[in-house]
Amino acid sequence: MKVNIKKLYDGAVIPTRGSDEAAGYDLYAYIPKQSQTIPAGETKVIGTGIALEIPKGYVGLVYARSGLATKRALRPANCVGVIDSDYRGEIGVALHNDGKEAQAIHIQDRIAQIVIAPYLSVEFNEVDELEDTDRGEGGFGSTGK
């Protein structure tokens with residue numbers, strides 16, 4: 001599948017994969033002033049300098065990069081970002097610093113990863129009762145042993 005991409009700035013980087021079988025494509029920071037600091041416990045939106053034309057019926061899901069999360073305590077603030085197929089603006093990543101020290105993000109740092117995935121469009125049908133199952137209304141932890 002081809003996804004059209006537009007570089008909004010000369011220094012922007014096209015997303016890349018770490019291996020041939022990687023599901024996610026690394027998103028790179030585009031920061032006009034070369035770096036930005038995220039204080040401990042705070043969130044900053046970091047631009048990527050790119051815009052995507054995600055095909056209809058697909059969505060871009062923005063996830064944390066495991067190395068950034070484990071080594072520097074940085075993760076997307078909303079845990080998973082959703083880029084709809086009709087959005088044409090710059091992809092931004094709201095990075096939250098869960099650590100105790102400020103973290104600097106530099107231009108072209110890998111800050112997150114995006115997975116392009118199909119989704120189903122549904123219509124909700126309101127009913128008075130739902131079909132019963134063995135689990136029923138058992139919620140959090142109800143199936144654990």
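1. Is Asp98 buried, partly exposed or exposed? In this predicted model, Asp98 counts as partly exposed because its relative accessibility is 45%, a value that falls between the cut-offs of under 20% for buried and over 50% for exposed.

2. The partner of Asp98 is Arg75, and the two side chains meet in a salt bridge with an N to O distance of 2.6 Å. Arg75 belongs to strand β7 (residues 74–76) while Asp98 sits in the loop between β9 and β10, so the pair ties together parts of the chain that are 23 residues apart in sequence. Arg75 is likewise described as partly exposed, because its relative accessible area is 25%.

3. A search of the whole structure finds three salt bridges, and one of them joins Arg65 to Asp26, with the closest N and O atoms 3.1 Å apart. This pair links distant parts of the chain, since Arg65 lies in the loop between β6 (58–63) and α1 (66–72) and Asp26 in strand β2 (residues 25–28), 39 residues apart. Both Arg65 and Asp26 are buried, and for Asp26 the relative accessible area is 7%.

4. Asp26 also forms a salt bridge with Arg110, where the closest N and O atoms are 3.3 Å apart. Arg110 lies in strand β11 and Asp26 in strand β2, so this pair ties together parts that are 84 residues apart in sequence. Arg110 counts as partly exposed because its relative accessibility is 39%. Through shared partners, salt bridges join Asp26, Arg65 and Arg110 into one network.

5. Turning to the loop between β9 (92–97) and β10 (103–106), Lys100 is placed there, and Lys100 counts as exposed because its relative accessibility is 82%. The C-alpha atoms of Lys100 and Arg72 are separated by 9.8 Å, although these residues are 28 residues apart along the chain.

6. The largest pocket holds about 270 Å³ of space, and its lining is made up of Met1, Val3, Ile5, Ile14, Pro15, Tyr25, Leu52, Tyr58, Ile114 and Ile116. By class, the lining residues divide into 10 nonpolar, no polar and no charged, with Tyr counted as nonpolar in this scheme.

7. On the surface, Leu120, Val122 and Phe124 form a nonpolar patch, and together they have about 440 Å² of accessible area. Val122 lies in the segment after β11 (110–118), and Val122 counts as exposed because its relative accessibility is 53%, which is over the 50% cut-off.

Terms used: Residues numbered from 1 in each chain as written. Predicted model: local features only at pLDDT ≥ 70, side-chain atom pairs only at ≥ 80, totals over all residues. Heavy atoms only, no water. 1 Å grid on protein atoms, 1.4 Å probe; cavity = no way out; pocket = protein on both sides within 12 Å on 5 of 7 lines; lining within 4 Å. Points joined across faces, edges and corners; volume = space filled by probe spheres on them. Patch = residues over 30% accessible without salt bridge, like charges linked within 9 Å, V, L, I, M, F, W, Y side chains within 5 Å. Areas by Shrake-Rupley, 256 points an atom, 1.4 Å probe, with all protein chains shown as cover. Salt bridge = Lys/Arg side-chain N within 4 Å of Asp/Glu carboxyl O. Helix = DSSP H or I, 4+ residues; strand = E, 2+ residues; numbered from the N terminus. Buried < 20%, exposed > 50% of the residue type's maximum accessible area, 1.4 Å probe, protein only.
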